[in-house]
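Below is a short briefing on a structure, arranged by topic. Please read it with the sequence and the model side by side.

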Amino acid sequence: MSTVSRGFKGRREPPSVELPPGQYLVEDFPVLSAGPTPDIDLAHWELVITSETDTQRRWDWDGFRALPTEPVTVDLHCVTHWSKLQTSWEGVSLDTLLEGLATSAGFALVTSYGGYTTNLPLEDLTGHKAWIAFGYDGQELEPEHGGPARLLVPHLYLWKSAKWVRWIQLGDQDEPGFWEGLGYHNYGDPWREQRFWGD
Amino acid sequence: MTSANPWSDGTALAGPLGDLVRVEVTTAIGRCRGCGRTAAMAEVRVFDHAPGLVARCPTCDQVLLRLVRGPGRAWLDLRGLVYLQLPLQQT
């Protein structure tokens, strides 16, 4: 004898959205910037990673774009309180860029075209947690959002995801970046609401 | 701010800085540490769609001033200015 289910027809609740404390949802993509959008010629674009022993890896645009890429769908949390969910990116994993690089560094200082800097532990760039993103929503990443390429570290507040990334410097010392040196939290975990020094 | 320029003019400094230093900052004269431009702070470019407020030299883009406001405290960085000449009322 078979059992026939008539199906469950109870009321469906809308999916709950869990946000980090102090955040609200946005549907647009706000543009935040501490300076003018740099005019970057792809013919002269470069991405450099240096280790604490001055080992250097360098990619020009064609070399960078020849690397394996992957789609990334992540939530973004900005320290100015907005969050944007399920954003779609395409990028190169930092695991790919750092593969085989001999380093015992504990920290990374990221420098952008235009001079912006941000710092984070190296372990937050590895383990499939960070990318150099060049595509957003199926298109080339627009300059105002960090194109041609930006760092994407979605588990930390968005100021860590430096736009217009140029140089990742690995080192033994943790050097505060542009905002970390002026009141903003050194680590910036949105789920622990680490916005300012002492949070 | 316009869609073409992601900055405001220096009058955007008046409210946030006036709260802290009780002087009319926009009429102050600032000298850029990068290029030496010396002009009224009202003429600088203020990037205030950011985690803090960043004032830059309109000639060389040097960061002149940064201001971050958190709950109950503020941080002010003036290292991009050689000096700031502040107007005082005559008594």
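In chain B, strand β4 (residues 45-47) and strand β5 (residues 53-56) pair in the antiparallel sense over 3 bridges. Strands pair if DSSP finds at least two bridges between them; helices (H or I, at least four residues) and strands (E, at least two) are DSSP runs, numbered from the N terminus. This is a predicted model, in which local features need pLDDT of at least 70 and side-chain atom pairs count only at pLDDT 80 or more, while totals for chains, interfaces and linings use all residues. Residues are numbered from 1 along each chain as its sequence is written, and chains are lettered from A and ligands numbered from 1 in the order in which they are written.

**Confidence**
- Chain B has a mean pLDDT (the predictor's confidence in each residue, from 0 to 100) of 90, and 96% of its residues reach 70 or more.
- For the complex, the predictor gives an ipTM of 0.88 and a pTM of 0.89.

**Sheet in chain B**
- The β4-β5 pair of chain B belongs to an open sheet of 5 strands in the order β1-β4-β5-β6-β7, with antiparallel pairing.
- Its edge strands are β1 (8-9) and β7 (73-77) of chain B, each of which pairs on one side only.
- Val46(B) has Ala55(B) in β5(B) as its bridge partner.

**Contact between the chains**
- In all, 14 residues of chain B are in contact (C-beta atoms, placed from the backbone, within 7 Å) with 15 residues of chain A.
- On the side of chain B that touches chain A, β5, β6 (63-70) and β7 of chain B each supply at least two residues.
- β6(B) gives the most to that side, with 3 residues.
- The residues of that side of chain B divide into 7 nonpolar, 3 polar and 4 charged; Ala, Val, Leu, Ile, Met, Phe, Trp, Tyr, Cys and Pro count as nonpolar, Asp, Glu, Lys and Arg as charged, and the others, Gly among them, as polar.

**Sheet in chain A**
- Chain A has an open sheet of 5 strands with mixed pairing, in the order β3-β2-β11-β6-β7.
- β3 (56-60) and β7 (117-121) of chain A each have a single partner strand, so one side of each is left without a neighbour in the sheet.
- Strands β2 (residues 46-50) and β11 (residues 165-171) of chain A pair in the parallel sense over 3 bridges.

Notes. Contact = placed C-beta atoms within 7 Å.
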